[in-house]
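Visitor: Hi, could you walk me through this one? I'm new to reading structures.
Guide: Gladly; let's have a look together.

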Amino acid sequence: MSPAGSGGMAGFARSCEGVAAIEFALIVPVLCFALLAMTDIGFAIGERMGMDQALRTGAEIALADPGTGPVFDAVEASAAPQFTVVAAPQTPGADGFSLDVERFYACPETPDTAVAATTTCAGSTPTAAFYELSATKDYSGLTLPSFAIGARLKVQIR
């Protein structure tokens, strides 16, 4: 006689043996994908933080108003340990990383509109000098689709 509860197909349908293994097999791929996606997001955030740090280093140098060359060099030196930097503005390196440093004049009330240095702004206010530093990188992760990471920083020096 067979053991209790194992009466042919009806007993097989009521059996709970192996259910945990099946549930585990169904859930593990989802958990693995979630782990890889979180890792991707962490790497992207780390690269963005590296870009922010390089731009902040350039902003410190820009406060002395040495010109775009020294500011670009400072940003480049700060970014070099983490990124492939090409010594030319807006030229992507091997990893898709590019830098740009621009110096321009604008009225304090409209800092996004460049004007000539001799322009008189509203209320006889003189123009202000600005540096705009930007960095971009093409990020291609393990599971996430490729996307661009960017950082921009504007510094008013006078």
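Visitor: Is C121 buried or exposed?
Guide: This is a predicted model, and in it C121 has a relative accessibility of 5%, so C121 counts as buried, the cut-off being under 20%.

Visitor: And what is C121 joined to?
Guide: C121 forms a disulfide with C107, and the two sulfur atoms lie 2.1 Å apart. C107 is likewise buried, with a relative accessible area of 8%.

Visitor: What's a disulfide, again?
Guide: A disulfide is a covalent bond between the sulfur atoms of two cysteines.

Visitor: Where in the chain do C107 and C121 sit?
Guide: C107 belongs to strand β1, while C121 lies in the loop between β2 and β3, so that the pair, 14 residues apart, links distant parts of the chain.

Visitor: How many disulfides does the structure hold?
Guide: It holds one, and this link of C107 and C121 is left-handed, with -85° about the S-S bond.

Visitor: OK, new topic: in what order do the strands of the sheet come?
Guide: Four strands make an open sheet with antiparallel pairing, and their order is β2-β1-β3-β4. Since β2 (110-115) and β4 (147-156) stand at the edges with a single partner strand each, one side of each has no neighbour in the sheet.

Visitor: How many bridges join β3 to β4?
Guide: There are 10 bridges between β3, which covers residues 128-139, and β4, and L133 stands opposite L153 in β4.

Visitor: Which strands does helix α2 touch?
Guide: Helix α2, residues 19-62, packs on the sheet and touches β3 and β4, its direction making about 20° with that of β4.

Definitions and conventions. Residues numbered from 1 in each chain as written. Predicted model: local features only at pLDDT ≥ 70, side-chain atom pairs only at ≥ 80, totals over all residues. Heavy atoms only, no water. Pairing = 2+ DSSP bridges. Helix = DSSP H or I, 4+ residues; strand = E, 2+ residues; numbered from the N terminus. Contact = heavy atoms within 4.5 Å. Axes fitted to C-alpha atoms, helices over the stretch in contact; angles between N-to-C directions. Disulfide = S-S within 2.5 Å. Buried < 20%, exposed > 50% of the residue type's maximum accessible area, 1.4 Å probe, protein only.
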